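The sequence and structure are shown here.

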Amino acid sequence: MFGTNDYAPGPVRVSFLVVTHRARSVERPTARVWLSRGLNQKPFRTGTARLEAIGGGQKIYVTRLDVPSAGTYWLLAEPVGGAKKIQGVGNVVVQKDSRSPALGDDAFPSKNPTLDDAPAEQITTARPPDTELLRTSIKNALDRHEPFVVVFATPKYCQSRTCGPVVGIVERVGERFASTSVRFIHVEVYEGNNPALGENRWFKEWKLQSEPWVFLVGPDGKIKARFEGPVSERELGDAVSEFLT
């Protein structure tokens, strides 16, 4: 069961669960992973996945692999340890180009609402409101050449139930970097925070097909890192330290 699905050739981040036939998640600190071009073909990539805490008591395996070209690949994962050997297998479908903004792309200067425009309860579906993430817009950060982290998510209406935890993780990481120039921004998904009205213009401007998404943007306005789906506090904090400070 994968938590990511937007892949393009090159380095990719893959998150997944290994689930037993009784629908129980297998949670061990690490898992071995193999990537091949066919179920019966020899793997051409091997690696290790790490079990990451993604909030709300949930955990997921995350690995990073280099994929040479577009196509359908087979990923085999084997959690390390335990009394019984357990394996899971699934497809990683790599498109020619990413559907969402890719590494190195220019960030779109979305003028998402802030506390200067409306009360927090009207801007975010997080409860209590995540006010520290509502103080600046993407456009303002770009105009000021400030590095920033932006999360596109809707805690109340999230289809995957991971948006609330991800927004919470972004908020906590923001507290760790409060003394730096890095800005942290939350953008909701639906027009008027009402799913019946469809996706809002900011979500569409970034050409997103799912949520949550987290992007790290440098002072040059270029995307430095991105996280599809759930992300751990460790992953995000390390990325902010590496790319934005």
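Tyr-73 is buried, its relative accessible area being 2%, where buried means under 20% relative accessible area, exposed over 50% and partly exposed in between (1.4 Å probe, protein chains only). The model is a predicted one, in which local features need pLDDT of at least 70 and side-chain atom pairs count only at pLDDT 80 or more, whereas totals for chains, interfaces and linings use all residues. Residues are numbered from 1 along each chain as its sequence is written, and side-chain values use heavy atoms, with hydrogens and water left out.

Tyr-73 belongs to strand 5 (residues 71-79); helices (H or I, at least four residues) and strands (E, at least two) are DSSP runs numbered from the N terminus. A polar atom of the Tyr-73 side chain lies 2.6 Å from the backbone oxygen of Ser-69, a polar contact being a pair of N or O atoms within 3.5 Å; within protein, one of them must be able to donate a hydrogen and the other to accept it, and residues adjacent in sequence count only if both atoms are side-chain atoms. When neighbours within four places in sequence are left aside, the residues in contact with Tyr-73 (heavy atoms within 4.5 Å) include Leu-35, Phe-44, Val-67, Pro-68, Val-92 and Val-94. Tyr-73 and Asn-194 are separated by 121 residues in sequence and by 37 Å in space, C-alpha to C-alpha.

Six strands make up an open sheet in the order 1-4-3-2-5-6, with antiparallel pairing; two strands pair if DSSP finds at least two bridges between them. Strand 1 (10-16) and strand 6 (88-94) stand at the edges and have a single partner strand each, so one side of each is left without a neighbour in the sheet. Direction ignored, neighbouring strands of this sheet are turned by 30° against each other on average, where axes are lines fitted to C-alpha atoms, for helices over the stretch in contact, and angles run from 0 to 180 degrees between N-to-C directions.

Strand 2 (residues 30-36) and strand 3 (residues 45-55) pair in the antiparallel sense over six bridges; Ala-31 has Ala-49 of strand 3 as its bridge partner, and Val-33 has Gly-47. Helix 3 (residues 163-176) packs on the sheet, where it touches strand 3 and strand 4 (58-67), and its direction makes about 90° with that of strand 3. Strand 3 and strand 4 run antiparallel and are joined by five bridges, with Tyr-61 in strand 4 as the bridge partner of Leu-51. The hairpin of these two strands has two residues between them, and Gly-56 there takes a positive phi near 65°.

Strand 7 (residues 148-152) and strand 9 (residues 213-217) pair in the antiparallel sense over five bridges, and Val-151 has Val-214 of strand 9 as its bridge partner.

Helix 5 (residues 233-243) lies across strand 1, strand 3 and strand 4, running at about 105° to strand 3.

## The largest pocket

The largest pocket holds about 620 Å³ of space. Its lining comprises 30 residues, of which Val-12, Arg-13, Arg-64, Leu-103 and Arg-226 lie nearest its centre. On a 1 Å grid over the protein atoms alone, a pocket is an open set of points with protein on both sides within 12 Å along at least five of seven lines, and lining residues have an atom within 4 Å of a point; grid points are joined across faces, edges and corners, and the volume is the space filled by probe spheres set on them. Strand 1, strand 3, strand 4, strand 10 (223-228) and helix 5 each supply at least two lining residues, and helix 5 gives the most, with six.

## Two buried loop residues

Thr-124 is found in the loop between helix 1 (120-123) and helix 2 (138-143) and counts as buried at 1% relative accessibility. A polar atom of its side chain lies 3.0 Å from the backbone nitrogen of Ala-126. Beyond neighbours within four places in sequence, Thr-124 is in contact with residues including Pro-129, Leu-134, His-186 and Asn-193.

Glu-146, in the loop between helix 2 and strand 7, counts as buried at 14% relative accessibility.

Definitions and conventions. On a 1 Å grid over the protein atoms alone, a cavity is a set of points where a 1.4 Å probe fits but cannot get out, and a pocket is an open set with protein on both sides within 12 Å along at least five of seven lines; lining residues have an atom within 4 Å of a point.
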